[in-house]
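Open the model in a viewer and keep the selection tool at hand. The stops below go from charged side-chain pairs to a helix pair and then to backbone angles.

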Amino acid sequence: MTSEPTIIHSATLIDNGLERANSWIAFDGGIITRTGTGTDWRQLMADDPGYDVVDATGYILTPGFIDIHTHGGAGHNFDEGSAAFDAAIRMHRSRGTTRLVISLVTNPLDTMVALTEQVASRAAVDHHVLGVHLEGPFLSALHKGAHNERLLHAATTAELDRLLKAANGYLRQITLAPELDGGLDAVRHMVTNGVAVAVGHSDASYEQTTEAFEAGASILTHAFNGMNGIHHRAPGPVLAAFDHDGVTLEVIADGIHLRPEVISMVFGQAPGRVALITDAMAATGVGDGHYTLGELDVTVTDGVARLTEGGSIAGSTLTLDQALRTAVLRSGVSLPNAVTALTSAPARALGVDDRLGHLQPGYAADAVLLTPELEVARVWAAGVEA
Ligand SMILES: [Zn+2]
């Protein structure tokens, strides 16, 4: 499909933490060319009547959503390989996610290398895919969540280099436990190679997390989940992230991984630094039943995914439009702040905010039209409507 020159007008536009009534954007060739308010878009039409015109009166227009942590959907996990990519990407896109990072759970290293190669090949030809997020195997067995404990271990430089090579420049993010042997060296090595390092599935204290951030780590993987909580004598990684201005906190806003009140607190303590993620697994967009995640069995009941053995929460069945509704309608986050957490904040966390995450000239034509109830009405990615 090609990108048609398009004008979307008369929308309530949300970008940069602001809400602007009666706004329009124009895009062509997958890039936003002009924006404005009122009816001056008609001038563009006078110059070039070839535009598709979308009257967005009564609708909310936001940048496309960016998910930096998702494992699949539509019945497939991304670790099934490239055959699984299409259906899951399409399902997430229908919910407003125009760019995503493919997150790989812990598997034997050879498997992770092979999958990383497949994701890199896909990212090279599919603008929806920003690259790979490796969630494992360099994680703490004490906070293993839905990762196979038998495969968790401290990173070696040789292993990191193998993964970097397989990713061919598309390794965007790695979640690791910095307190493991050589953990801070691993942080520095990956940061030097242009990878955003996330602290997660970790037993790190406030102090150990601070050291990781000072070594260059810049993301906290699903804040509160897979790590120590906030204790009055052991403040833990979440407080360390609050205290570091450059750090983005991932939040799973399904109302289950975090209570709505806690989501509200994270937004309050880290303004502009929350990235809403899905951590979605295969059941997302499908329903309850039996699934797998990596090598582990998962049972989904009432939309909640848990390991069949032991009952640990195993990813979510969340989509980003639902995360938006949870943040706004249940946690009381303002709509502009919640939209930032779906768009420019995750773009900045991955260092792609020079081209993604805003509705401004020169940016990718990724846009979502929402109803006043925050349901997705229409989605464009790189100027193409699905
Ligand atoms: Zn995950």
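The model has 10 salt bridges, a salt bridge being a side-chain nitrogen of Lys or Arg within 4 Å of a carboxyl oxygen of Asp or Glu. The model is predicted, so local features need pLDDT of at least 70 and side-chain atom pairs count only at pLDDT 80 or more, while totals for chains, interfaces and linings use all residues. Residues are numbered from 1 along each chain as its sequence is written, and side-chain values use heavy atoms, with hydrogens and water left out.

Select Asp-86 and Arg-122. Their side chains form a salt bridge with an N to O distance of 2.7 Å. Asp-86 belongs to helix α2 and Arg-122 to helix α3, so this pair ties together parts that are 36 residues apart in sequence. Helices here are DSSP runs of H or I with at least four residues, strands are runs of E with at least two, and both are numbered from the N terminus. Asp-86 is partly exposed at 39% relative accessibility, whereas Arg-122 is buried at 18%. The cut-offs are under 20% relative accessible area for buried, over 50% for exposed, and in between for partly exposed (1.4 Å probe, protein chains only).

Now show the two helices whole, α2 as residues 85–94 and α3 as residues 109–125. How do their axes cross? The axes come within 13 Å and cross at roughly 55°; they are lines fitted to C-alpha atoms over the stretch in contact, with angles from 0 to 180 degrees between N-to-C directions. The helices α2 and α3 are therefore oblique to each other. In this scheme angles under 35 degrees are roughly parallel, over 145 roughly antiparallel, 65 to 115 roughly perpendicular, and the rest oblique. For the contact itself (heavy atoms within 4.5 Å), select Phe-85, Asp-86 and Ile-89 in α2, which meet Gln-118, Val-119 and Arg-122 in α3. By class, the contact has three nonpolar, one polar and two charged residues. Ala, Val, Leu, Ile, Met, Phe, Trp, Tyr, Cys and Pro count as nonpolar, Asp, Glu, Lys and Arg as charged, and the others, Gly among them, as polar.

Next, select Arg-162 and Asp-110. The closest N and O atoms of this salt bridge are 3.0 Å apart. Arg-162 lies in helix α4 (residues 157–167) and Asp-110 in α3, so the pair ties together parts that are 52 residues apart in sequence. Arg-162 is partly exposed at 39%, and Asp-110 is exposed at 52%.

Go to Arg-378 and Glu-385, whose side chains meet in a salt bridge of 2.7 Å, N to O. Arg-378 is partly exposed at 31%, as is Glu-385 at 27%.

The last stops are on the backbone. Most residues other than glycine have a negative phi, and most peptide bonds are trans. Select Gly-136 and Pro-137, which are joined by a cis peptide bond with omega of about 5°. Pro-137 sits in the loop between β10 (129–135) and α4.

Move on to Asn-168, a residue other than glycine with a positive phi near 50°. Asn-168 is in the loop between α4 and β11 (171–176) and is exposed at 60%.

Finish at Asp-279. Its phi is also positive, about 55°, and Asp-279 lies in the loop between β15 (274–277) and β16 (289–293). Is Asp-279 buried or exposed? Asp-279 is buried, with a relative accessible area of 6%.
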